[in-house]
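Here's a quick briefing to read alongside the model. Grab a viewer and follow along, topic by topic.

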Amino acid sequence: MTDVKLVRNVVILGHGSCGKTTLAEAMLFSAGKTNRLGKVDDGSSIMDFEPEEIKRNISINTAFNHYIWKKHEVFLADTPGDSNFINESKFAASVADSALFCIGAATSVKNQTTKFTDFIEERKIPTIICITRMDRERANFAGVIEGIKSNLPLKPAITYVPIGAEDSFKGVVNIINQKAYMFDDKGKAREAEIPADMVDEIALYRESLMEQVAETNDDLIEKFLEEGELTDEDLIEGLKAGIRSGDINPVNVTAAFKNQGADLLLDMINDLLPAPCDCPSHIGTDPKSKDITEREPQPGAPFSAQVFKTMADPFAGRLTIFKVFSGTLSGDSFYNSTKDVSERFGQIFIMEGKNQKPVDSAGPGMIAAVAKLKETVTGDTLCTEVPPIVYEPLIPIPPVISYAVTGKKGDEEKLFASITKMLDEDLTMQLTRESQTKEILISGVGQVHLEVIGERIKRKFGVEMELHTPKVPYLETLKGKARVQGKHKKQSGGRGQFADTWVEIESLPRGGGYEFINNIVGGAIPKTYIPAVDRGIQEAMEKGVLAGYPVVDVQAKLVDGSFHAVDSSELAFKIAGSLAFKKAAVEANPALLEPIMNITIRVPEDCVGDVMGDLNSRRGRVMGMDSEAKNEVINAQVPMAEIQKYSQDLTSFTGGRGSFEVSFSHYEEVPAQLAEKIIEASKSEE
Ligand SMILES: Nc1nc2c(ncn2[C@@H]2O[C@H](COP(=O)(O)OP(=O)(O)OP(=O)(O)O)[C@@H](O)[C@H]2O)c(=O)[nH]1
Ligand SMILES: [Mg+2]
């Protein structure tokens, strides 16, 4: 195992397609881990290896690898940037020691970009900014730095400046050691003279880097004011401390597609990012005493780790991936303190793209994996049984889009067993049964998320998942009153049937459900038949008279009736009760009810107007507004029927900067005009 001081644990974060995976490939290639530069576009990337990733040219999973560079061992996690899979990035960021925040040189700061800096800010993750794709058309180094300064909570400190841009990007100047590096045809950096026309500019960059570093540290500011400058060592020490405290984010610039700048980035990671043992202790609770307790990120401390990903690997079985926080794992078992169980495993692995490499032990900063655990799921803490610790569980991003899911005839059982297996892998996915429409709903973070789940299930388990827009679980009610007779009489030949009931139907307040009252006096209907009348009414209530939806919020009072000594039976009274209700339902002013959802929408201030206007057009009611650090929070109630596609719509009119959560609130009457349409639709369906 590598000395902990030489270990680095780095998560690569940034918006979709900004070049994270390409950068990871270039880093692995430059470090000699791979002998050919993998490409996302032709499917040769070792980090984007899933068929669903190759098909779309995007990352869907966080992928892992490690390399050794100048004696340092670096554990990399390459995360997806697409918002459908952002939970992967969130979980990987929540355990990482440090981050590379990537942003394309030709992009203005994109809206979704803030989601990734939120992860960084939340845990103050020590972060290097990588300006990627410097060789692209319209690459603009100064422009993107300006964009970061004015839009993101990062504090860029320029440590590398590009020489040339777009097609003519050919090297960089290191502002700390004031050396230029030109890229050879393999993208390797070769030391060179600073181009004459850049000398003055570089002096200015150095001046401002010194100022910026000095400002983060009292000793350095004093020295800078007295001596007018800082040494290279001062700068490096100042940067290291500033990165750790979150006060500074040094900037690197690459064109990883051509492997340019990757080797300099490897140096920068070794030199500036913290080793696990330089990171703060991990705080948790003692599951027995409930006291706050902590673990030092040292190899000699008691072992502790957190599971942040689970994979259903077709070969290795279920693979549990965890980050070691403290201590050293070896042997063949550990304690899952979240579940209070001991788990055994066969072998410890470290991940190399889709492959796993067996290792004897795993220490702080390492991302390791074991196969075939029984109880452990994503978010659980693994540790020594004595002393134990539990870390805060990881909270997945809530699903916001639901579809009804069905399988091909005969495949249903296999399909739902397969979906259930996928639930272990993906905590942003949910499977629920809508009791009223009897549909099984699959919920996820977005359209593409659910599509990918379907493709994976087909590839891994050989069954197809069919998605449909879910039915809205409408209900019906009766707003008025009615007194009706329900009479069932069939007395021609053989044993006859006779039951006669008088029932009063009345509405109950919303949410009142159903009430049956027996007001029979004097034995007009014998006691034994009365529950049958109740059952008959309830059966009839399962299908309302308007559009066939269940009827709720009514009271049925059995007030009178008659019977026949021979021909009456429970069945006859059940039929009579049912007939009574059907009659009453027509007379007692039936109405359609629809589910109303609570919705909480978070958007930047400039989107509030649009969101409000849109809510209005969806028959929404704004219940209140709140401000959070960055977003305005709008609480509203909207009919379910109006927000079945809200996820796509909100994304489109906020440019991906909005998020929302929905939960059921209550039922309300559907406005008359709309009710007509729903009733018509249900009739034509029949
Ligand atoms: N010209 C040029 N293209 C690049 C560079 N880096 C990445 N690309 C291209 O940009 C596209 C996206 O690259 P990826 O590496 O998949 O980006 P990503 O950030 O991993 O994307 P997601 O994981 O899906 O968020 C691909 O077509 C790459 O070939 C670069 O340095 N120069
Ligand atoms: Mg990627």
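Phe303, Phe322, Phe334 and Phe345 form one aromatic cluster. Rings of Phe, Tyr and Trp (its six-membered ring) pair here if their centres lie within 6.5 Å, with planes under 30 degrees apart called stacked, over 60 edge-to-face and the rest tilted. Counted by this rule, there are eleven aromatic pairs.

Bear in mind that this is a predicted model, where local features need pLDDT of at least 70, side-chain atom pairs count only at pLDDT 80 or more, and totals for chains, interfaces and linings use all residues. As for bookkeeping, residues are numbered from 1 along each chain as its sequence is written, chains are lettered from A and ligands numbered from 1 in the order in which they are written, and side-chain values use heavy atoms, with hydrogens and water left out.

**Aromatic pairs**

- Counting by the ring rule gives eleven aromatic pairs; in one of them, the rings of Phe325 and Tyr391 have centres 4.9 Å apart and planes at 75°, so that pair is edge-to-face.
- Phe325 sits in strand β15 (residues 317-326) and Tyr391 in the loop between β21 (381-383) and β22 (401-407), so the pair ties together parts that are 66 residues apart in sequence. Helices (H or I, at least four residues) and strands (E, at least two) are DSSP runs, numbered from the N terminus.
- Phe325 counts as buried at 4% relative accessibility, and Tyr391 counts as buried at 5%. Buried means under 20% relative accessible area, exposed means over 50%, and partly exposed is in between (1.4 Å probe, protein chains only).
- Then there's Tyr529 with Phe573: the ring centres are 5.0 Å apart and the planes at 15°, so this pair is stacked.
- Tyr529 is in the loop between β29 (514-518) and α12 (530-541), while Phe573 is in helix α13 (residues 570-587), so the pair links parts that are 44 residues apart in sequence. Tyr529 and Phe573 are both buried.
- A charge gets into the ring story too: the charged end of Lys39 sits over the ring of Phe257, 4.0 Å from its centre. The cut-offs for that are NZ of Lys or CZ of Arg within 6 Å of the ring centre and within 35 degrees of the ring normal.

**Ligand 1**

- Ligand 1 is surrounded by 20 residues, and the closest are Lys20, Thr22, Asp41, Arg133 and Asp135. To be near, a residue needs a heavy atom within 4 Å of the molecule.
- On the oxygen side, a polar backbone atom of Cys18 is 3.1 Å from an oxygen atom of ligand 1, and a polar side-chain atom of Lys20 lies 2.7 Å from an oxygen atom of the ligand.
- A nitrogen atom of ligand 1 is 2.7 Å from an N or O atom in the side chain of Asp135. Taken alone, ligand 1 exposes 640 Å², and the protein buries 91% of that; these areas come from the Shrake-Rupley method with a 1.4 Å probe.

**Buried charges and their partners**

- Lys309 has its place in strand β14 (residues 304-313) and is buried, with a relative accessible area of 4%.
- The Lys309 side chain makes polar contacts with the side chains of Asn61 (2.9 Å) and Glu88 (3.0 Å). A polar contact is a pair of N or O atoms within 3.5 Å; within protein, one must be able to donate a hydrogen and the other to accept it, and residues adjacent in sequence count only if both atoms are side-chain atoms.
- Glu52, in helix α2 (residues 51-56), is buried with a relative accessible area of 3%. Its side chain makes a polar contact with the side chain of Arg459 (2.7 Å).

- Ten of the eleven residues of helix α9 (residues 262-272) are buried, so α9 is largely enclosed by the rest of the structure.
- Thr114 lies in helix α4 (residues 113-123) and counts as partly exposed at 28% relative accessibility.
- The protein has 16 helices and 34 strands, and 54% of its 686 residues count as buried.
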